[in-house]
Amino acid sequence: ADSGQYAEKMAFQTEEDLSCPVCQDIFKDPVVLSCSHSFCKHCLQSWWRGKPVQECPVCKRRSSRSDPPRNLALKNLCETFLLERDQRASAGSESLCSLHSEKLKLFCLDHQQPVCLICRDSKTHNNHRFRPIHEFAQDHREEIQKSLKPLQEKLKLFEQVKGNCDQTAEHIKARITALREEEELKSQMMKEKIEALSREIAALSHTIRATEEELRGDDVSFLLNYKAAVKRVQHMWTTEHYAHMWCWTGP
């Protein structure tokens, strides 16, 4: 435990030593100033941007060069540190046995659980059957994949049916729109016919009243207006007949 804590402490110190004072992260393309302080090239250029004097961000000593040299030794140390850190993280991500802190490399078929090599040789798993865990996991992956195949085919079928339904819905929508337009057109035509008939009815009513008044007049007046009255009535009869036929032959 002490050695683990020591290694962790040393790793922390190393990471701190390899960190840029500006961005507080591991150096990226480090450069070194004449004062021996190192920085990420990008961090240093950003720090200097807009400043009248190019000085060290740590000790404030003025730099003699606007383009300081790369610190190749530090760059190599940083790359090695990052590589080792990634390897440690990868190794730590593997599941370990809770009893023996060993990698779980086998699967016990009797207990149906992952075990390490020490577990295999223990009394708990005496005379048990084991399979390599990767092999056993692969078999189960294939089993799940086979189970997924009917579902995938069903999904494909449902998507096809949905596509057909969408097309039908669009067709119905277009048909309804066409019917509404046709309804509006026919309604407008009927409105115009009703208005025309209303005008004819008004004119016919006026002619009838005028003719009835002439019929009630004296004989001389009636005979003087007789031809005009006959002509007017005949004209109205023709219009009335046309209106009658119009209504029956409408849309």
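Modeller: Helices (H or I, at least four residues) and strands (E, at least two) are DSSP runs, numbered from the N terminus. This is a predicted model, where local features need pLDDT of at least 70, side-chain atom pairs count only at pLDDT 80 or more, and totals for chains, interfaces and linings use all residues. Residues are numbered from 1 along each chain as its sequence is written, and side-chain values use heavy atoms, with hydrogens and water left out.

Biologist: In what order do the three strands of the open sheet come?

Modeller: The order is β4-β3-β5, with antiparallel pairing. β4 (113–115) and β5 (130–132) are at the edges with a single partner strand each, so one side of each has no neighbour in the sheet.

Biologist: And which helix packs on the sheet?

Modeller: Helix α5 (residues 133–215), which touches β3, β4 and β5. Contact here means heavy atoms within 4.5 Å. The direction of α5 makes about 85° with that of β5; axes are lines fitted to C-alpha atoms, for helices over the stretch in contact, and angles run from 0 to 180 degrees between N-to-C directions.

Biologist: Switching to Leu 106: buried or exposed?

Modeller: Leu 106 counts as buried, at 12% relative accessibility. The cut-offs are under 20% relative accessible area for buried, over 50% for exposed, and partly exposed in between (1.4 Å probe, protein chains only). Leu 106 lies in β3, and beyond its neighbours within four places in sequence, its contacts include Val 115, Leu 117 and Phe 130.

Biologist: New topic: how many salt bridges does the count come to?

Modeller: Nine, taking a salt bridge as a side-chain nitrogen of Lys or Arg within 4 Å of a carboxyl oxygen of Asp or Glu. One of them links Asp 139 to Arg 131, with the closest N and O atoms 2.3 Å apart. Asp 139 is partly exposed at 33%, and Arg 131 is also partly exposed, at 22%.

Definitions and conventions
Two strands pair if DSSP finds at least two bridges between them.
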